[in-house]
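Student: Please walk me through this structure. I would like to learn how to read its features.

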Amino acid sequence: MYKKLKQIGLLLLIMGINTAVIGQDYIPDGWYQFRGPNRDGISPEKITKTDWNGNDLELVWKKELGSGFSELVVSDGFIYTMISEKIDSVTGSEFIVALDEKTGNELWRTKVDSIYIDADGWGDGPRSTPIIDETNIYGLSAYGKLTALSRKDGKFLWQVDFIKFFGSTTPRWGYASSPVMVDNKIIMEVGGTENRTFMAFNKADGSILWNDGAGGASHDSPLKATINGQEQLIFVNGRTLYSYSPDGDTLWTFKMPFRSITAMPILIDDNKIFVSGVRTPGFFIAEINNNKATQLLTGNSMKNDFNSCVYHDGYLYGYHIAAVRCISVETGEVKWSKRGFGKGSLILVDGKLMVLSDKGKLAIVEANPEAYMEVASVQAITGKSWTAPSFKDGKVYVRNLTEMACYKIKK
Amino acid sequence: MKLTIKYLFLFTMIMGISSISYGQNLDEIIDKHLQAHGDLKKWEEVVNMKITGVFTAFSEEDDFLAIKTKCGKYYSELSLGHFDVKEAFNGETGWTIDPWMDISFPRELNKNERNVFLQKAEFFSPFYNYKEEGSKAEYIGETNVDGVDVYELKLTRSTGSVETWYLDKNTFLEFKCETMWVDFSYRAPAETYFDDFRDFNGLIIPCYVESMFNQRNRVLVIDEIEFNIDVDPAVFCMPKSDEIKKLNFLNGDWGVAVTAYYAPRDLWYPVDSSDSHIDYAATNMIQEKVSYNASFVQSKITDFLYDSEKTQYIVSTYSGFSSNLRIFTGSLNDSSFVLKSTTIGCDTTAPFIIRITYDNITHDGFNVEFARSYDKENSWNPQLRLNYFRKD
């Protein structure tokens, strides 16, 4: 009897420790969510190389991949992403897949929804990027099903259907918002009816923790930021910028000078938000003090379409429609502009931009306001490439609708 | 006071010199710009150009073909995403087949698009013969665009549209142009960049042309240009629908023998002979004007169209005898074209239905028979038969 009690005590202790670890907001390793560890397109890694000769990107592997726009989540030796496969011209499935980071070989796949076939022909399959925690992966299909799987083997844990459960309507080009995680919550823009535009789900079972807001599903992903010491989630929906506490309290809202953007909001310094779209004006910067947002600057020198800027040392680097640009955050002045990358994407690693053209050319460019300075480039993948790169352990991971590749920076 | 007059004089002189200087500068810049594009005598000899290359839209590459002529005609075939687009301009008007507008058939260009096609049709520079064409150029100044030192010129075309051109100070070739473009037929300000200038037998042409308007990005990379080729003038004409083309057998100058049916003896007897001319009155409308005697004078204007939504032919016949208009609908099969009268609006009281049957169709002729049904098409009473025989 005593032995049994001891065993139960041990079990409770282990469970307690386990709960404590999860409760401590475990931060996964690497590029574990949309736009990297801080959802800002920036890797915290260092690049030690200084002698660039233009030919410094070396292919590690390249693999075929099912259609989709999800970024490659790279963590703990694994790559997770979402793909689709067609059976015929009108049917098929969407999957969350796990791949071996060293080889790109598939380890498991789990079907999460029927395939989204894009009527405009931009590309089929999922748009959203999954997020991982210590044990699970959470991904949103293009038809609005949020699914939790075990990272280890892809075992199905739970699923919520935004359309069926919350009255949401599939936006044109499908659901694209990528999940964000705070403590035990997966927080999403759902776009449902009856105050269910923004919702927090319990990571453990998908149950609803809070919901609020009125508005349909957009294509924008929420930003997690700490502003004036306060952790908050910032959503763009319709013409409004919304800030919520992780517990679902509205902190502030701001009426934007435009509506319906796709690029993510960017946190500048500690309390400024940059938001950009393709209309006029092209961007605004708002300052937040005491939970009140005030517009600081607006301009047309940066117009992001579907891919977002990165912020570095007083300057924003991003795609002004189809030209890679550097603009001053203070004045909006264009410091340089470089065409030839189409409507591509970029991320930032240790002062270097990893710029992927919309046709799969990968270039490393100095994040320097003085001039466009390309130090290396390679034709990384072939075909329309709208998904931003990921970076982990000195390697750049890129994908498009048909293939993915890993390139390392030569020593 | 004397001092003020002196300053005023000096100021006027400076302004005057300045204007002259700018004037000279403008002409000189444009001269050098045109020279930079190659031998102008050779440009004079160019009658047309066939341009092939790769066009990028929505980040997807596909083949591109364009034909430009000296008289301002333009034709192109390209892809926008997964749709093929054809467009043409005859120097004044034009058409496009643009499935992105959910329009599968050729439609005429609007005024906004016309201005764009005037630009597209240009051989190499809007400053070539710009004065003769009624355009006005102004020198704005020197500036820097994306790290390139440029001359900024304002061009006001005879249409009133204003463009800003930035010419590279080193080469005098165009670097950038700001103009009004169209996005899904609506006006949109555009920036166009020119690069990769290549020599085609002494003619210097940009082979990389990138445009941005609204959120669009379009890139044309030219692979090859052929000069003074044989161009079928038909490519500039708005294409007719496949369905209306099936009625081409109607077109021509015809002799018409008119016979009437005499029911008591089951007999067809001649009543008149006449002439008819049938031809396209519009891109997708064929028209016949004919007049013959059948008891009374029957002067008719008949228009043949195809309704793509209802997938049937629609034919209207204006009768000069009764000043009435009758509407017929029908279909074409392998051997005959059969039309039946239909009511207009809520009028369902028509006492009879008229059937018109075109049969015995050959290159040299066809027959048209008119019949009436008074019992909801259970039986048909022949009325008149017209035998068409080709005269041309």
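**Reading the model**

Tutor: Start with contacts in chain A: among those with a separation of 6 or more, 51% join residues 24 or more positions apart. Two residues are in contact if their C-beta atoms, placed from the backbone, lie within 7 Å. This is a predicted model: local features need pLDDT of at least 70, side-chain atom pairs count only at pLDDT 80 or more, and totals for chains, interfaces and linings use all residues. Residues are numbered from 1 along each chain as its sequence is written, while chains are lettered from A and ligands numbered from 1 in the order in which they are written.

Student: How many helices and strands are there in chain A?

Tutor: Helices (H or I, at least four residues) and strands (E, at least two) are DSSP runs, numbered from the N terminus. Chain A has 2 helices and 33 strands. Its radius of gyration is 21 Å, close to the 22 Å of the globule rule for 411 residues, so chain A is as compact as a globular protein of that length. The radius is taken over C-alpha atoms, and the rule is 2.2 Å times the number of residues to the power 0.38. Along the principal axes, the C-alpha atoms of chain A fill a box of roughly 75 × 50 × 45 Å.

Student: What percentage of chain A is buried?

Tutor: A residue is buried if 20 or more other C-beta atoms lie within 10 Å of its own, exposed if 12 or fewer, and partly exposed in between; C-beta atoms are placed from the backbone. By that test, buried residues make up 51% of the 411 in chain A.

Student: Why does A:G125 count as buried?

Tutor: A:G125 counts as buried because it has 28 C-beta neighbours inside 10 Å. A:G125 is in the loop between β6 (106–114) and β7 (131–132) of chain A. Leaving out residues up to four places away in sequence, A:G125 touches partners including A:G66, A:I83, A:Y116 and A:A142.

Student: Which residues have the most contacts inside the largest nonpolar core?

Tutor: A nonpolar core is a set of buried Ala, Val, Leu, Ile, Met, Phe, Trp, Tyr and Cys residues joined through C-beta atoms within 7 Å. The largest has 151 residues, and A:M354 and A:L362 have the most contacts inside it. Another core, of 20 residues, lies apart from it, with B:I286 and B:F304 among its members.

Student: How do strands pair?

Tutor: Strands of a sheet pair through backbone hydrogen bonds, either parallel or antiparallel. Here, two strands pair if DSSP finds at least two bridges between them. In chain A, β25 (residues 323–328) and β26 (residues 334–339) pair in the antiparallel sense over 5 bridges. A:A323 stands opposite A:R339 in β26(A). The two strands form a hairpin with 5 residues between them, and A:G332 in the turn has a positive phi of about 80°.

Student: What order do the strands of the open sheet have?

Tutor: The order is β15-β16-β17-β18 (chain A), with antiparallel pairing. β15 (223–227) and β18 (250–255) are the edge strands, each pairing on one side only. In chain B, a closed barrel of 10 strands runs from β14 to β23, again with antiparallel pairing.

Student: How many residues of chain A are in contact with chain B?

Tutor: 16 residues of chain A are in contact with 14 residues of chain B.
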